[in-house]
Amino acid sequence: MSATTSLALNSELAEYARQIAELKDQAAALLRGLGYVQYNWRPAADSWSMAQCIAHIVLTDEIYIPVLGKCVVDARARGLLGSGPFRHGRLGNWFVRSMDAPAKRRFKNPKQITPREEQTLAAGLANFNVIHDHILLLVKQADGVNLSRAKFRTPFLKLLKLSLGQGIAVMLAHGRRHLWQASEVRKRPDFPKN
């Protein structure tokens, strides 16, 4: 990301853009040098492989992005504009923190974002990078929108309403959570050598 891209955004969105670049770098470093067996290895029958962690991030973001895109369009139509700094609600801020790494509690995973068992590493990393490019595009589209007043209902917890800023933050926190989970798989002493 160029310096001009981050300078054109308000400070909150510039921070999200920085986090997106960091997530892409972390995923590339984590997966570097792995083979198919390693990428798809599961520590136990009820545990996910690194491939499933990456695919789950992508599946979740594919559902969140259109919801947040609609939130941006609706906010602009309603005149909910601003340049920040923005203050977000406590419940939403707690939800963002609960999604971040390291994972402190497990959540039941909806079927629609449960990844299949085996995947290729090249496709997994490519999909991860593409979905994060889409999040970056969303960040740029959100510039000028009031990130705290623009609200949406979360796709999986319909009773929970988050601000647009919290919605972007939760996707990034969720990505860190599952990259951390994948890194824990790789650190295991029984992780395959090749």
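Helix H6 (residues 121-142) packs against helix H7 at an angle of about 160°, and the two axes lie 11 Å apart. Helices here (H or I, at least four residues) and strands (E, at least two) are DSSP runs, numbered from the N terminus. Axes are lines fitted to C-alpha atoms, for helices over the stretch in contact, and angles run from 0 to 180 degrees between N-to-C directions. H6 and H7 are therefore roughly antiparallel to each other. In this scheme angles under 35 degrees count as roughly parallel, over 145 as roughly antiparallel, 65 to 115 as roughly perpendicular and the rest as oblique. The crossing of H6 over H7 is left-handed; that word applies if the near helix is turned anticlockwise from the far one by less than a right angle, and right-handed applies if clockwise.

On the H6 side the contact is made by Phe128, Ile135, Leu138, Val139 and Ala142, and on the H7 side by Leu164, Ile168, Met171, Leu172 and Leu179. Contact means heavy atoms within 4.5 Å. By class, this contact of H6 with H7 has ten nonpolar, no polar and no charged residues. Ala, Val, Leu, Ile, Met, Phe, Trp, Tyr, Cys and Pro count as nonpolar, Asp, Glu, Lys and Arg as charged, and the others, Gly among them, as polar.

The model is predicted: local features need pLDDT of at least 70, side-chain atom pairs count only at pLDDT 80 or more, and totals for chains, interfaces and linings use all residues. Residues are numbered from 1 along each chain as its sequence is written, and side-chain values use heavy atoms, with hydrogens and water left out.

H7 (residues 164-187) also packs against helix H5 (residues 90-99), at an angle of about 20° and with the axes 7 Å apart. H5 and H7 are therefore roughly parallel to each other, and H5 passes H7 in a right-handed crossing. From H5, the residues Gly92, Asn93, Phe95, Val96, Ser98 and Met99 meet Gln166, Ala169, Val170, Ala173, His174 and Arg177 of H7. The contact of H5 with H7 has six nonpolar, five polar and one charged residues.

Single residues are listed below by relative accessible area, where buried means under 20%, exposed over 50% and partly exposed in between (1.4 Å probe, protein chains only).

| Residue | Relative accessible area | Class |
|---|---|---|
| Tyr39 | 0% | buried |
| Cys53 | 0% | buried |
| Thr154 | 1% | buried |
| Cys71 | 6% | buried |
| Gly33 | 71% | exposed |

Tyr39 is placed in helix H3 (residues 36-40). Not counting residues up to four places away in sequence, Tyr39 touches several residues, among them Leu31, Met50, Ile54, Gln119 and Leu125. Tyr39 and Arg186 are 147 residues apart in sequence and 8.8 Å apart in space, C-alpha to C-alpha.

Gly33 sits in the loop between helix H2 (11-31) and H3.

Thr154 belongs to the loop between strand E1 (151-153) and strand E2 (161-163). Leaving aside neighbours within four places in sequence, Thr154 is in contact with Tyr64, Leu160 and Leu162.

A search of the whole structure finds zero disulfides, a disulfide being a pair of cysteine sulfur atoms within 2.5 Å.

Cis peptide bonds occur at Gly84 to Pro85, with omega near 0°, and between Ala101 and Pro102, with omega about -10°. Pro85 lies in the loop between helix H4 (50-77) and H5, whereas Pro102 is in the loop between H5 and H6.
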